[in-house]
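Please consult the sequence and the structure shown below while reading.

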Amino acid sequence: MHILLYGPPGSGKTTLGAQLADHLQRTFIDLDEVIEQHAGTSIPAIFQQQGEPAFRHLESEMLAQCLSSPDETIIGLGGGTLLSPDNRMLAEQHGEVLCLTAPPEVLVTRLKSSSTNRPLLDGDLEQRTRSLMKKRKKHYASFSNTLDTGTLDTKDALWQAQIHLGAFCITGMGTNSDLRIRPGSLANLGIAMRQANLKGPVMLVSDHNVAALYGQQALESLEGAGYKVTTLNLPPGETHKHIESVARIWESCAQAGLERGSTIVALGGGVVGDQAGFAAATFLRGLAWVNVPTTLLAMVDSSLGGKTGANLPQGKNLIGAFHAPRLVLTDPELLKTLPVRELRSGLGETVKHSVIADPQLFHLCEAGWTAVQQNTTRLVRQSAAVKVKIILQDPYEHGLRQALNLGHTIGHGVELACGLRISHGEAVAIGMFAEARLAEDIGLAQPGLADKLGNVLHRLGLQTELPENIDRSAVIQAMKLDKKRANNIMRFALPVGIGEVHVGVTVPDWEEWLLNIEKQEN
């Protein structure tokens, strides 16, 4: 799928397009330059000699040519390219359109510093720009995906564009991960893998539940792209996330004749992704792999960052490796079949990300269950972006990435002490609320933070209290086996406010605090 940047003159299409292409490792195409190269003359000359209708005809012809390219590109469009219904339909069929906007006074300032001659703005630049914007206001507003660049500097505009498009390149872990978050993308799995130069034979790993829903679609997409595919479906659930399941993947890869250049595809939630990724990291000393997350929890958390592994009876994820997938293909449409409890589990991690670094995402979660269900693509893109940004700065968890452990220190202990009867996201919600209370009690967090957080979690159907009759000593023992210890000292990631978390916080009497904390109220 191509990415098309659209909007009025001066909105930043060319500058942003070139930077976006560089960051996503794609080719940038300026449609106006293509037109001039094809015509052998400048756009002002075309307008003067042949008139605007002739230019629009050539514009449509060159747009179709650019969109026919088998390579995914970033295309900067002219400010009126998609006024044509046919052009707009073609653009939206072959890619995602991001419409850039800015206030007229900002556009004028930018245009005054530009050397580009724009025929439709000849004369009084300010008056013509305001007139053009008034005329096209409804047209630009008709695009569902818009980004106001008026107050954004170049760096912020680039990052916000990636969030709006759900397109990221995660670097810093040896192998770059191409992350794409787009509704309907599962159908393009095979094509996306070919474009990423991933080779077969392919081992498609899923679990029985997910395979029944989406296994055939994934298989047809892969085979349609010319891949030879072997499928393996594992038992679902955290209780099956152990080395025996990983061994089944190893054995299936050997039987299928996978080679060093082959690819493993994980189709499922976090359990499938972690195990298939760990198998890819270790079979033949490392294969390429692709993660296709099917749960909200996996889409916003476990599919990102290259952590793979399995559990031991003593604790979660005690064995594993950093092995980044070459491609993460996230299709929010798959959430339509996700059970309500699993969706709520993913919201535990989503709220966590909002507390770490995105107050706007927190406000969306604060709006409640209905608002979340109506904005799943936005929810996934914004939540995933929080983790991506942190990973880009600290890929191997030496410092900043520890902020992602918010809610996990106590949450993992609760999860294990309950014998995995509650889901990971549910445990994170409980742990996050408890850690917010701890942060308040030691004077780190803003007063009232825990109540504010608890209210949001309750609106989303997540509990915050420790389960009744839970053995808190067992929670403490499980926490002591957690990977976040250093020199036998427990270090917490604790919230200060919405959008700020402190990492590496030591609390000398944390065990006593957890044993004696009063029962939390709903």
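Over the ring of which residue does the charged end of R344 sit? That ring belongs to W369, and the charged end of R344 is 4.3 Å from its centre. The model is predicted, and it holds seven aromatic pairs. A pair of aromatic rings is described by the distance of the centres and the angle of the planes.

**The pair W250 and F278**
- One of the seven pairs joins W250 and F278 in a tilted arrangement, with 6.4 Å from centre to centre and 50° between the planes.
- The two residues are 28 residues apart and connect distant parts of the chain: W250 belongs to helix α11 (residues 243-255), F278 to helix α12 (residues 270-282).
- W250 is partly exposed, because its relative accessible area of 27% falls between the limits of 20% and 50%.
- F278 has a relative accessible area of 9%, which is under 20%, and therefore counts as buried.

**The pair F492 and W510**
- The ring centres of F492 and W510 lie 6.0 Å apart with the planes at 70°, so this pair is edge-to-face.
- Because F492 is in strand β15 (residues 492-497) and W510 in helix α22 (residues 510-516), the pair ties together parts 18 residues apart in sequence.
- Both F492 and W510 are buried.

**A cluster of rings**
- Y6, Y140 and F143 are linked into a cluster by ring pairs.

**Charges over rings**
- R194 lies over the face of Y227, 3.8 Å from the ring centre.
- As stated above, the charged end of R344 sits over the ring of W369.

Methods: Residues are numbered from 1 along each chain as its sequence is written. This is a predicted model: local features need pLDDT of at least 70, side-chain atom pairs count only at pLDDT 80 or more; totals for chains, interfaces and linings use all residues. Side-chain values use heavy atoms; hydrogens and water are left out. Rings of Phe, Tyr and Trp (its six-membered ring) pair if their centres lie within 6.5 Å; planes under 30 degrees apart count as stacked, over 60 as edge-to-face and the rest as tilted. Helices (H or I, at least four residues) and strands (E, at least two) are DSSP runs, numbered from the N terminus. Buried means under 20% relative accessible area, exposed over 50%, partly exposed in between (1.4 Å probe, protein chains only). A charge sits over a ring if NZ of Lys or CZ of Arg is within 6 Å of the ring centre and within 35 degrees of the ring normal.
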